[in-house]
Amino acid sequence: MGDCLGGPYEGETVSSGDKIIIQRYFDKMEKPDFASPFKKYTDDTAMMKSVAQFLTDKPDPDYNYLSKLFVDEFFKEPRRGYGQGIPAKEQFNGSGSYGNGGAMRIAPVALYYHNDYNNMLNVARHVTKVTHNHPLGVNGALLQCIAVHQALLMDPKNSINPKEFCNELIKKIKIIEEESEEEDHHFITAYQEKLNRIPFLLNSKYDDELEDEILYSLGNGIEAYESVPTAIFCFLKAQGDIPRIETSNILRRTLQYAITLGGDTDTIACMAGAITGAFLGEDQINKQLLSHCEKADDIVVLADALYKKALKS
Ligand code: R7I
Ligand code: MG
Ligand code: MG
Ligand code: MG
């Protein structure tokens, strides 16, 4: 949903006038009989579908099979807004990509391996490295995976303590960042530092300056470290009311808020929505909004198949 609904705004700077337009855009789509062309999904969903398929089809993870699914999907529909797309290790003079392309598609791994944390991390790492080999690209995907996992295991009847949620994430990502030290010592605190800023931002009084502060200290870019912590922030922020976002539905609020931050809107909304969805569960999804997203029905079928396979194993 985040990908489809955020896609039209990707790469934009969002003004206060645009925010009103985005509020109306969501209001209209929630109306029962509102007809409009599907909001098309982009590479985020195309690749996430492949990850879900990879987990569903084979008894054990088969990364060659995953690569094949990515490649087939790409050649079927190359114009879904993909990044550069050359072999992972050769990108950027051999350092590998730190784009958010690993993080944007990782959610199914967290759902599938929710009972097996270490295996989840291991599979998430391999799934990411098929295309994103830079420690910041890998750790960003692992952070997104951990955030979805942590949200999934919480009871939505209890409200979230944002500080605790962040501290828990920091504890986990610290271990991962320290392990990547041998590979490159510059990157050992990148995500911890960003996460440390979140409780402070959540406690600040809301005004237009805060938004600049969010963009300055968390970012809204295509790089994993400029977008994964931002998605986590959106998830936490949307648990309570947000000025000028009028809705009682927390998932809608999350997506709408992520989109109004501008920049990599499809991807930040996609990742924030994945965390919120894992926390709240299926019945909190607004069916009206969902019905405007391209191939939503197919994706429900895919999700159900993944769920069945997870129960079996
Ligand atoms: O990460 P990736 O798949 O892109 C995902 C984004 C999402 O917003 C999607 O919605 C889609 O629009 O694209 O694609 P990559 O090409 O691996 O990385 C994205 C961009 O990050 C690159 O084009 C670079 O601008 C930047 N980047 C780097 N720049 C310099 N050095 C990533 N890694 C590096 C690097 O090592
Ligand atoms: Mg995209
Ligand atoms: Mg793009
Ligand atoms: Mg994007």
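Asp-155 and Lys-157 form a salt bridge, with their closest N and O atoms 3.8 Å apart. The term salt bridge here means a side-chain nitrogen of Lys or Arg within 4 Å of a carboxyl oxygen of Asp or Glu. Asp-155 is partly exposed, at 36% relative accessible area. Lys-157 is exposed, at 74%. Buried means under 20% relative accessible area, exposed means over 50%, and partly exposed lies in between (1.4 Å probe, protein chains only).

This is a predicted model, in which local features need pLDDT of at least 70 and side-chain atom pairs count only at pLDDT 80 or more, while totals for chains, interfaces and linings use all residues. Residues are numbered from 1 along each chain as its sequence is written, chains are lettered from A and ligands numbered from 1 in the order in which they are written, and side-chain values use heavy atoms, leaving out hydrogens and water.

How many salt bridges does the structure hold? There are 14. Side chains of opposite charge can pair when their charged atoms come close. One of the pairs is Asp-72 with Lys-68, where the closest N and O atoms are 2.8 Å apart. Both sit in helix 4, four residues apart, so about one helical turn separates them. Helices are DSSP runs (H or I, at least four residues), numbered from the N terminus. Asp-72 is partly exposed at 39%. Lys-68 is also partly exposed, at 48%.

Asp-241 pairs with Arg-253, with 3.5 Å between the closest N and O atoms. This pair links distant parts of the chain, twelve residues apart. Asp-241 lies in the loop between helix 11 (228-237) and helix 12 (250-260), and Arg-253 lies in helix 12. Arg-253 is buried, at 4%. Elsewhere, salt bridges that share partners join Asp-27, Glu-30 and Arg-252 into one network.

Now turn to the metal. Which residues hold the magnesium ion (ligand 2)? Its protein donors are Thr-42 (OG1), Asp-43 (OD), Asp-44 (OD) and Asp-266 (OD), at 2.1 to 2.2 Å. Donors are N, O and S atoms within 2.8 Å of the metal (3.2 Å for Na, K and Ca); water is not among the atoms, so sites may look incomplete. Along the chain, the donors follow the spacing T-D-D-x221-D. Thr-42 lies in the loop between helix 2 (16-30) and helix 3 (43-57), and Asp-266 lies in helix 13 (residues 265-280), so the pair ties together parts 224 residues apart in sequence. Thr-42 is buried, at 13% relative accessibility. Asp-266 is buried too, at 0%. The magnesium ion (ligand 3) is 5.1 Å from the magnesium ion (ligand 2).

Next comes ligand 1. Of the 21 residues around ligand 1, Glu-10, Asp-44, Ser-97, His-132 and Asp-264 come nearest. A residue counts as near if one of its heavy atoms lies within 4 Å. A polar side-chain atom of Glu-10 is 2.8 Å from an oxygen atom of ligand 1. For Asp-43, a side-chain N or O atom lies 3.2 Å from an oxygen atom of ligand 1. Helix 3 and helix 13 are the elements that give two or more residues to the shell around ligand 1.

Last, look at Asn-100. This residue lies in the loop between helix 4 (63-76) and helix 5 (107-112). Asn-100 is buried, at 4%. Leaving aside neighbours within four places in sequence, its contacts (heavy atoms within 4.5 Å) include Gly-221, Ser-227, Asp-264 and Thr-267.

Notes:
Polar contact = N/O pair within 3.5 Å; in protein donor to acceptor, adjacent residues only side chain to side chain.
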